[in-house]
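Visitor: I would like to learn how to read a few features of a structure. Please show it to me first.

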Amino acid sequence: MVARLYSKGVLIECAGWLALGAALGYFLRDDVLRSTEQLFLRHELTEVFEEGAYLFDTEWLRILNREGWLDISPPLGAINEDQVAVAREVFASLLLMSSQFNRNPTAASTAAHLCFSSPGDLSNYLQTTVEPDEIGAAIALEQYDPSASESQRAAILYAGYGECIDFLDAFRGTAEYYVQLHPETIRAVIRKTAQLLRWRFFFFQSHTTEFEYLLEKYLDNLRVSDRDQRNAFSGYVNALCQYWAAYQAPLAAQMGT
C-alpha cells in the first residue's frame with residue numbers, strides 16, 4: 001500500500017511540474033493539457049488524498065479537481081520578460097534534481113515510508129541495528145527488492161534518509177545561488193517548487209518524535225559517537241529543515257527567509 005500511494009503521489013507531482021512548466025513557458029500549454037488528460041484517464045488518484053491529503057500544499061490539491069489547476073497563483077506571469085530565461089533555468093535545474101531523486105530506488109523507498117508508513121511500522125525499522133557497510137551497499141541499490149531481509153530494509157531506510165538530506169542540501173544550494181543573482185525573479189519559482197515537493201519531504205518539516213528518533217538512530221548506525229560531531233550534524237539537518245519549511249510559508253518565502 002505504501003508503494004502504491006507513493007507512486008500516485010509521484011503522478012500528482014508530475015502534473016504539477018507540467019503546470020508550473022507551462023506557466024513559465026518551458027512546456028507548451030496544449031502539450032501539457034494532452035499529457036495530463038491521459039494521466040487522469042489512466043490513473044485513479046483520489047486514494048492518495050484520502051490517506052495523506054495533509055501532505056500536499058493546498059494549492060496543488062486543485063490538481064485533483066482538474067479545474068483551473070493550470071492557472072498557478074500567484075501569477076508567475078509577473079516575471080519580467082528579460083528574467084524569464086533565468087526562471088526557466090532554475091525550473092529546469094530543480095526539475096532535474098527531482099527526477100534524479102525519483103529514479104533513485106533507495107531515496108524513493110525511504111520517502112515513501114516517511115510519507116505513508118504508520119508510526120508503528122517506522123518504529124519497527126528503527127529497532128533494527130545495521131552495519132555502516134550495509135548502509136553503503138543500500139546507497140548503490142539499483143532496484144528495490146520486496147523480499148529484502150529486515151536488516152536490508154532498515155539499511156535502505158537509513159541510506160535513503162541520507163539521500164533525502166542530500167536533496168534538501170542541493171535544493172538550498174541551488175536556491176541560494178539563483179536568489180543571490182536574481183532575488184525577485186527566482187523566489188516565486190522556488191517557492192512554487194518547494195510547495196509542489198512538500199508532500200515528499202513533509203516528514204522533514206514535521207519535527208515529530210519520529211523525526212528526532214530517526215536522526216539519532218541514523219547517527220548511531222553510522223557509528224558516530226563523538227558528541228560534537230553528532231551535535232554539528234543535527235544542527236545541519238535542522239537548519240536544512242527550517243530552510244525548507246520557510247519556503248512552504250508564502251510570507252516567509254516572499255521575505256527571502
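The dialogue below takes up a helix, a loop residue and aromatic pairs.

Guide: This is a predicted model, where local features need pLDDT of at least 70, side-chain atom pairs count only at pLDDT 80 or more, and totals for chains, interfaces and linings use all residues. Residues are numbered from 1 along each chain as its sequence is written, and side-chain values use heavy atoms, with hydrogens and water left out.

Visitor: What span should helix α6 have?

Guide: Helices are DSSP runs of H or I, at least four residues, numbered from the N terminus. The expected span is 1.5 Å times one less than the number of residues. For the 12 residues of α6 (residues 105-116) that gives 16 Å, and the end C-alpha atoms are 16 Å apart, which agrees.

Visitor: How many residues of α6 are buried?

Guide: Buried means under 20% relative accessible area (1.4 Å probe, protein chains only). In α6, 12 of the 12 residues are buried, so the helix is largely enclosed by the rest of the structure.

Visitor: Where is serine 117?

Guide: Serine 117 lies in the loop between α6 and α7 (119-126). At 16% relative accessibility, serine 117 counts as buried.

Visitor: How is a pair of aromatic rings described?

Guide: By the distance of the centres and the angle of the planes. Rings of Phe, Tyr and Trp (its six-membered ring) pair if their centres lie within 6.5 Å; planes under 30 degrees apart count as stacked, over 60 as edge-to-face and the rest as tilted. The count here is 22 aromatic pairs. Phenylalanine 171 and tyrosine 247 have ring centres 6.5 Å apart and planes at 80 degrees, so the pair is edge-to-face.

How values were computed:
Helices (H or I, at least four residues) and strands (E, at least two) are DSSP runs, numbered from the N terminus. Buried means under 20% relative accessible area, exposed over 50%, partly exposed in between (1.4 Å probe, protein chains only).
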